[in-house]
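Morning, everyone. I have one structure to go through today, and I will take it chain by chain and then by local features.

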Amino acid sequence: MQFLALVLDSFRESLDRKIFWVMLFISLAVAGAMFCFSFEPNKVSILFGTWELETDFLTVGGKLREDIIAWIVVDGIMDTILGWVGVILALIATAGFLPSLMQRGTIDVMLSKPIARWQLFLGKYLGSMAFVGVHATIFVGLTFLVCGLRWGVWLPGYLLSIPLMVLLFSYLYCISVLVAIPSRSTVAAVLVTLGAWVFFAGIQITDDQFSTNESWQQYDTAYTASRVVRWIVPKTADITYKAKQWARAAGSADLVQQGGIDPDEATEWAEKIERKRSAIPAYYTIGSSLAFEAVVVLIAMWLFSRRDY
Amino acid sequence: MVNVTEMTNWAVDLIDVRKTYGRSVHALRGVNIQVGAGEIFGLLGPNGAGKTTLVKIMMTVVRATRAYGTILGRPIGHRGKLAVTGYLPESHRFPGYLTGAQLLDYYAALAKVPRDRRRRRAPELLDRVGLTNWADARIDKYSKGMLQRLGIAQALMNDPELVVLDEPTDGLDPVGRRDVRELLADLRDKGTTIFLNSHLLSELEMVCDRVTILVDGLVARQGTLRELTDHTVEYKIAFTGDAASVHSTLASLGAKIEAGGKSGLVSIPGHNLSKVNETIDLLRSSGAMIESVSPHRFSLEDILVEAMGADANVGASHLPTENPASS
């Protein structure tokens with residue numbers, strides 16, 4: 001009962017924030033914009049035939065056409081809008097949940113209720129997850145339906161990006177709450193989290209460089225350090241890669257082989273990265289990132305439970 | 001009125017409560033307070049005395065550096081008893097996105113009040129605090145007085161055995177204050193223990209059975225209002241004429257003389273009628289004419305000011321506070 005009340009309250013709080021409606025508007029706008037396009041032989045129709053763009057880009061039929069549409073949806077829409085814009089907006093929207101709870105006058109009443117502090121913390125934490133889950137479901141659900149109904153390409157694997165994007169958000173959100181508890185500052189929580197995200201991505205890129213570029217591997221210590229840090233920190237780039245891999249019918253490497261993408265654009269290095277990331281098992285990517293999140297959440301929970309208000 | 005001497009059980013029994021922030025800020029330095037079941041208890045003291053810290057320790061918002069004793073029979077900090085405790089903090093801040101009815105339901109759910117009881121209790125309490133017409137309005141539309149009324153209602157949603165109210169009449173108009181006083185009296189009649197922390201001494205004077213004065217993190221005075229004021233009664237004798245010849249004798253009796261021109265005022269501390277009569281005799285023997293004799297009972301404000309000035313005595317409760325629960 002208490003837990004449900006907390007989660008419900010977090011959701012009500014999110015409804016009160018303008019950013020909730022901004023995110024909803026973005027979802028509807030993207031789905032609406034997608035609906036205005038249709039891919040026909042030799043042309044792309046915009047706004048139900050108002051404009052028509054002659055192109056032989058989609059003259060190919062069958063599997064390759066599906067792959068190209070999947071590539072547009074997954075790499076263009078999911079990765080950019082959901083994986084970047086959506087996650088940043090979600091972090092901004094939820095970063096204030098804990099600082100507002102910890103405001104003097106609010107926290108006093110909450111802590112005077114017979115609910116353990118860790119439960120209070122976890123209730124708010126999961127409330128934020130629910131907020132993001134709702135948005136991810138709306139966005140992916142709408143774009144999935146448009147892709148299937150309007151373009152005739154059904155991507156059941158794309159639906160997996162709902163939990164995966166919530167996971168990606170949660171890997172970053174744990175940093176946000178860890179910063180918010182001692183600082184009680186929404187701005188600090190957002191900035192540090194975005195900084196951490198850049199750091200995590202940087203570590204993964206650096207490690208990719210080490211593992212695919214032989215000239216880099218002479219720096220043993222740095223290579224080992226990058227591997228160790230990558231092992232510890234959340235694999236944000238990898239989880240996005242997994243989401244994309246599972247969502248589309250074929251990987252971009254396949255598109256290159258099938259002639260869908262200019263081979264000149266697909267460098268040897270990029271292919272190596274593709275192969276390396278494909279080889280990383282999902283349980284390792286998700287599990288080790290969850291372990292990091294669990295440790296950070298436990299520390300945050302401990303700080304939340306121990307401090308005076 | 002609860003008779004302390006008949007008390008066999010304390011609703012709140014705080015023993016040696018200490019709180020130190022950092023290494024050097026001693027907010028509480030060993031507070032002992034007992035509150036009888038079913039009484040209205042007032043906590044008062046100057047700013048920085050440690051009142052809010054003490055209340056927050058009782059409500060588990062702040063952790064004591066050291067604390068013994070019990071609240072509703074369980075050790076201080078026991079979360080289970082919070083289910084039967086209501087709390088209104090000072091300067092509370094309620095989520096503006098909820099309506100009054102939603103807030104009551106939310107806080108009561110956190111207090112483990114079953115849904116059917118919440119649904120029954122919320123309209124009752126909203127009616128009791130005069131907010132029925134505002135039940136479905138967002139809280140960010142409420143005035144300060146309405147927020148205070150709502151705060152009191154939320155503190156009562158779980159039908160508590162103990163209610164801790166920090167500045168409950170803050171922001172209320174005179175009618176609102178009277179309503180709160182009546183509400184507190186009703187609660188006491190039902191057996192609810194009420195712990196009040198307020199700056200409004202006149203309010204405390206009107207409703208409290210017993211009070212504690214906290215000064216500099218220690219109990220300076222504690223007892224029933226009667227007990228405290230009995231200790232501080234004085235008689236004032238107004239006279240005309242020159243009484244200079246008896247000034248030294250009056251001073252030796254412990255009287256304070258304020259003489260100016262051909263009139264004066266003699267204050268005799270304590271409830272000592274023979275001293276009063278002796279003073280009158282002395283004044284009359286000096287040729288002065290007695291204009292009036294009036295007993296003056298100290299108000300709570302006088303007691304507080306006196307306690308704040310009596311730093312040397314701080315910590316020694318002036319009244320016996322025998323604690324059967326801990327003996």
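In chain A, residues 24 or more positions apart account for 77% of the contacts with a separation of 6 or more. Keep in mind throughout that this is a predicted model. The secondary structure of chain A consists of 13 helices and three strands. Chain A has 309 residues, and 51% of them count as buried.

Now chain B. Its 327 residues are 51% buried, and its secondary structure is ten helices and 14 strands. For contacts in chain B with a separation of 6 or more, 72% come from residues 24 or more positions apart.

Back to chain A, for a helix pair. Two packed helices are described by the angle between their axes and the distance between the axes. Helix H7 of chain A, residues 161–183, and helix H10 of chain A, residues 236–247, have axes that come within 10 Å and cross at roughly 175°. Angles over 145 degrees count as roughly antiparallel, so H7(A) is roughly antiparallel to H10(A). Which residues make the contact? From H7(A) they are Ser161(A), Leu164(A), Met165(A), Leu167(A), Leu168(A), Tyr171(A) and Leu172(A). From H10(A) they are Thr236(A), Ile239(A), Thr240(A), Lys242(A), Ala243(A) and Trp246(A). Sorted by class, this contact has nine nonpolar residues, three polar and one charged.

Next, aromatic rings. Over all chains the count is 18 aromatic pairs. One of them is Phe121(A) with Tyr125(A): the ring centres are 6.0 Å apart and the planes are at 15°, so the pair is stacked. Are they buried or exposed? Phe121(A) is buried, and Tyr125(A) is buried too. Both belong to a cluster linked by ring pairs, which also includes Phe169(A), Tyr173(A), Phe304(A) and Tyr309(A).

In chain A, the charged end of Arg150(A) sits over the ring of Phe35(A), at 5.1 Å from the ring centre. In chain B, the charged end of Lys19(B) sits over the ring of Tyr21(B), at 5.0 Å from the centre.

Last topic: backbone, in chain B. Most residues other than glycine have a negative phi. What is phi at Thr60(B)? Thr60(B) is not a glycine, yet its phi is positive, about 65°. Thr60(B) lies in the loop between helix H1 (51–58) and strand S4 (66–71) of chain B, just after H1(B). With a relative accessible area of 8%, Thr60(B) is buried.

Terms used
Residues are numbered from 1 along each chain as its sequence is written. Chains are lettered from A and ligands numbered from 1 in the order in which they are written. This is a predicted model: local features need pLDDT of at least 70, side-chain atom pairs count only at pLDDT 80 or more; totals for chains, interfaces and linings use all residues. Side-chain values use heavy atoms; hydrogens and water are left out. Axes are lines fitted to C-alpha atoms, for helices over the stretch in contact, and angles run from 0 to 180 degrees between N-to-C directions. Helices (H or I, at least four residues) and strands (E, at least two) are DSSP runs, numbered from the N terminus. Angles under 35 degrees count as roughly parallel, over 145 as roughly antiparallel, 65 to 115 as roughly perpendicular and the rest as oblique. Contact means heavy atoms within 4.5 Å. Ala, Val, Leu, Ile, Met, Phe, Trp, Tyr, Cys and Pro count as nonpolar, Asp, Glu, Lys and Arg as charged, and the others, Gly among them, as polar. Buried means under 20% relative accessible area, exposed over 50%, partly exposed in between (1.4 Å probe, protein chains only). Rings of Phe, Tyr and Trp (its six-membered ring) pair if their centres lie within 6.5 Å; planes under 30 degrees apart count as stacked, over 60 as edge-to-face and the rest as tilted. A charge sits over a ring if NZ of Lys or CZ of Arg is within 6 Å of the ring centre and within 35 degrees of the ring normal.
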